[in-house]
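Have a look at the model below.

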Amino acid sequence: MNKITLPRAAQISSPNPVTLVCTQKPDGSTNLATVSWWTYLSYNPNMIAYAMAKTSYSGEMVRQNKKVILTIPSEKITDAVLGCGSTTGRNTDKIAKFGIEMQEVDGSDIRIPAHSALAIVCNLKEYIETGDHYLYICNVEQVYAGDNEKAVFAWNGYSEIASAKK
Ligand SMILES: Cc1cc2nc3c(=O)[nH]c(=O)nc-3n(C[C@H](O)[C@H](O)[C@H](O)COP(=O)(O)O)c2cc1C
């Protein structure tokens, strides 16, 4: 075995999962941020978690509103997924910038991309400091699946978005 860095490990473990973290901005619109570091935590009760840099605007919104939807984007919006991972919602309307079609979600104020393979509607339970990130631990309220939408993954250390089989 050879000693390597953790970012290099992320390349070796590719493809890695990818989500769009959907939060609500003060004007009611949705902010979307690309997040690979998420995981299922518990089935009883249903819980998930994800980690975001302390500086992220999405983090600020979820700490404020306590509500978030994690979606798994489909292969129809791969370019938008990369775009949402390289701009901040603090000063950009990512939905307009990347031309993302949106849809309503039953029982939630937060809209999500129309082309989503999965949507996990959550309440923030707590968040803890983990180095330069916060780990957001969430209770799952509802889970929805999108018809005919194929999930995508992050390849080559988060530089490319594509389905699991290339
Ligand atoms: C494929 C991919 C995966 C990413 N995964 C994460 C992640 O797991 N956690 C994180 O904090 N940022 C991640 N990012 C970077 C954020 O999406 C980026 O910092 C974004 O600008 C945050 O937006 P916001 O400020 O609107 O929240 C990822 C970016 C890409 C392209």
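Tyr158 sits in the loop between strand 11 (153-155) and strand 12 (160-162). Helices (H or I, at least four residues) and strands (E, at least two) are DSSP runs, numbered from the N terminus. Phi of Tyr158 is near 75°, a positive value in a residue other than glycine. Its relative accessibility is 32%, so Tyr158 counts as partly exposed; the cut-offs are under 20% relative accessible area for buried and over 50% for exposed, with partly exposed in between (1.4 Å probe, protein chains only).

Lys66 is another non-glycine residue with a positive phi, here near 65°. You'll find Lys66 in the loop between helix 2 (57-65) and strand 6 (67-73). Lys66 is partly exposed too, at a relative accessible area of 42%.

## How to read the numbers

This is a predicted model, where local features need pLDDT of at least 70 and side-chain atom pairs count only at pLDDT 80 or more, while totals for chains, interfaces and linings use all residues. Residues are numbered from 1 along each chain as its sequence is written, and side-chain values use heavy atoms, with hydrogens and water left out.

## Two cis prolines

Which bond joins Ser14 to Pro15, cis or trans? The peptide bond there is cis, with omega near 0°. Pro15 lies in the loop between helix 1 (6-12) and strand 1 (16-17).

Asn44 and Pro45 are also joined by a cis peptide bond, with omega about 0°. Pro45 belongs to the loop between strand 4 (38-43) and strand 5 (46-53).

Ser14 is in the loop between helix 1 and strand 1. Is Ser14 buried or exposed? At 18% relative accessibility, Ser14 counts as buried.

Setting aside neighbours within four places in sequence, Ser14 is in contact (heavy atoms within 4.5 Å) with Ala154, Trp155, Asn156 and Gly157. The Ser14 side chain reaches the backbone nitrogen of Asn156 at 3.1 Å.

Strands of a sheet pair through backbone hydrogen bonds, either parallel or antiparallel. In this model, three strands form an open sheet in the order 1-11-12, with antiparallel pairing. Strand 1 and strand 12 stand at the edges with a single partner strand each, so one side of each has no neighbour in the sheet.

Two strands count as paired if DSSP finds at least two bridges between them. Strand 1 and strand 11 pair in the antiparallel sense over two bridges. In one of these strands, strand 11, Ala154 is the bridge partner of Asn16; Ala154 is also among the contacts of Ser14.

## The ligand site

How many residues surround the ligand? There are 23, and the closest are Thr34, Ala53, Ser58, Thr88 and Gly89; a residue is near a molecule or strand if one of its heavy atoms lies within 4 Å of it.

Oxygen atoms of the ligand take part in several polar pairs. One is 2.5 Å from an N or O atom in the side chain of Ser58. Polar backbone atoms come in as well: an oxygen atom of the ligand is 3.0 Å from one in Tyr57, and an oxygen atom of the ligand is 2.8 Å from one in Thr87. Taken alone, the ligand exposes 650 Å², and the protein buries 85% of that (Shrake-Rupley accessible areas with a 1.4 Å probe; for residues, only the protein chains shown count as cover).

Definitions and conventions
Polar contact = N/O pair within 3.5 Å; in protein donor to acceptor, adjacent residues only side chain to side chain.
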